[in-house]
Amino acid sequence: MNKQGASLGFADTIWNFFASVRLTVVVLLTLAVTSIIGTLIPQNAEPAGYIQKYGVEAYRIFSILNLTDMYHSGWFRFFMAMLTMNIVVCSLDRLSATLKIVFVKNPKFQIERFRGLDDNSGRLSSKTPAELISLYSDRVSGWFGYWRTEETDRGVAIFAEKGRWCRLGFYLVHMSIVLLLLGGLIGSIFGFDGNVNIPEGESVGEIHQSNSQVPIALDFRIQCDDFSVSFYETGQPKEYKSRLTLLEGGNPVLTREIVVNQPLRYKGINIFQSSYGQMPSVQGRLDPEKILLNFEDLETKSRFSVTAAVGKSVQLPENRGAFLIKQIEDAKVFRGMNLGHTVVGELSLSGQAPKEILLPTQFPKFDKMRQGRMIITLKETEPRYYTGLQVTSDPGVWLVYVGFMMLILGCLVTFFMSHQRLCIEVMPSGQGSRVIVTGMANKNKLGMQHKVKRIAAQLARLDA
């Protein structure tokens, strides 16, 4: 250990470690490379998908390194925290020198620095130095916020400057990045991203986390009142939307219709319309109040349709009789065969004994096998959909919003504004004076040169 290292205390060593630009480069490169890996490897997919695409061994390595959910992994958060600390310490390490420049009451004026500039504008004037200083002072005070006169070894100089605070734009950018990183960390640690499918008319009080399928209990229930989908002529879905009601303690607190990209936000939780699907037929129970039936009279070739309900009789036209739906059975057995979900009814034609009619949902035209005069079939029932919702919570999102606004403001200040200083030196020359105008800026030096020339031209017109 060298003498310099030995003289440093532990706190200084830690401070210098986090103030290192090398650390910034290493952490940024690490995050860049790992982010590329996270883009190439799909995140939060099903294990079967990884195994099919990469193989069992590769999936095992992915799981060990947490590459399938790397943005929520501990090591990724560690590097984000390191970068945050690095930026904060680097900023604080250089802040004191900047503050001395920004908040100094009487800024230092060194005429030699202005005389050493290659680009300056010199000319002769017939007015005395005192007359020129009086003429220029009012005009310079309008152009620059701060100005004063200084006697030099050759005459008198007007020193002016503005935009000292622009040096803080650098720190504004740094602070915005810190807020973005903190927002990301908070969202990664305390937020969640889950999914849930809700059949029409039903409600749920928990969702499943996308990356682990772990259930997450909500403080309220989400009820799908209605779901609808429209299609293009090609069969592709055009729009699908859900009308949701949020329930607290069994009482509705909010009802809203959502579509894709128009989420519902409640108590910091976002509910997005993400997908939809049709309920499997085995779960698609018939609505006992809305059973669509089709009647066909094989003798008269007449047909008609009707919406029937369990327990209510349907009168056939021309007094041909009636049909009564007696019940719906989940597993109706007919001649030793399980027909499954079946409508059981009774057909009473005029002058004939009542007959039991079976209408399995799996075989809507089952009644044709009976070969009677009046054939009853189940019409295609309206499909029952479920709405697929993505439910997210990101408590760090407001820090991210503020960080973005600060980043834009900081970039504007850093790249488009500068600390500008102007020197107008007036020296006696014969019966008149010699005037030299120079200026400097910490950024955009070419623009400052053009500005000095414009100021010199305006001053020349002023004392002409």
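Which residue in β5 is the bridge partner of Gly 194? In this predicted model, Gly 194 is bridged to Gln 209 of β5. The contact belongs to the pairing of strand β4 (residues 192–199) with strand β5 (residues 203–209), which is antiparallel and comprises two bridges. Both strands are part of an open sheet of eight strands, arranged in the order β8-β7-β6-β5-β4-β20-β10-β9 with antiparallel pairing. The edges are formed by β8 and β9, each of which pairs on one side only. On average, and with direction ignored, neighbouring strands of this sheet are turned by 35° against each other. Strands of a sheet are paired through backbone hydrogen bonds, in either a parallel or an antiparallel sense.

The phi of Asn 261 is positive, near 70°, although the residue is not a glycine. Asn 261 is classed as exposed because its relative accessibility is 68%, above the 50% limit. Asn 66 is placed in the loop between α5 (56–65) and α6 (74–102). Its relative accessibility of 29% makes Asn 66 partly exposed. For most residues other than glycine, phi is negative.

Another antiparallel pairing is found between strand β11 (residues 291–297) and β19, which are joined by five bridges. Within this pairing, Asp 297 is opposite Met 374 of β19. Strand β19 (residues 374–378) is mostly covered, and five of its five residues are buried. Side chains in a regular strand alternate between the two faces of the sheet. In β19, Met 374, Ile 376 and Leu 378 are on one side, Ile 375 and Thr 377 are on the other, and all of these residues are buried.

A search of the whole structure gives 18 aromatic pairs. Phe 114 and Phe 159 form an edge-to-face pair, because their ring centres are 6.1 Å apart and their planes are at 70°. Since Phe 114 is in helix α7 (residues 111–115) and Phe 159 is in strand β3 (residues 156–162), the pair ties together parts 45 residues apart in sequence. Phe 114 and Phe 159 are both buried. Trp 398 and Tyr 401 also form an edge-to-face pair, with ring centres 5.4 Å apart and planes at 80°. These two residues are three apart in helix α10, so about one helical turn separates Trp 398 from Tyr 401. Trp 398 is exposed, its relative accessible area being 63%, whereas Tyr 401, at 42% relative accessibility, is partly exposed. Elsewhere, Tyr 71, Trp 75 and Phe 76 are linked by ring pairs into a cluster.

Helix α10 (residues 397–416) also contains Leu 412. With a relative accessible area of 43%, Leu 412 is partly exposed. Leu 412 is one of the residues of a nonpolar surface patch, together with Trp 165, Ile 408, Phe 415, Phe 416 and Met 417. The accessible area of this patch is about 720 Å² in total.

How values were computed: Residues numbered from 1 in each chain as written. Heavy atoms only, no water. Helix = DSSP H or I, 4+ residues; strand = E, 2+ residues; numbered from the N terminus. Buried < 20%, exposed > 50% of the residue type's maximum accessible area, 1.4 Å probe, protein only. Pairing = 2+ DSSP bridges. Axes fitted to C-alpha atoms, helices over the stretch in contact; angles between N-to-C directions. Patch = residues over 30% accessible without salt bridge, like charges linked within 9 Å, V, L, I, M, F, W, Y side chains within 5 Å. Areas by Shrake-Rupley, 256 points an atom, 1.4 Å probe, with all protein chains shown as cover. Salt bridge = Lys/Arg side-chain N within 4 Å of Asp/Glu carboxyl O. Phe/Tyr/Trp six-rings, centres within 6.5 Å; stacked < 30°, edge-to-face > 60°.
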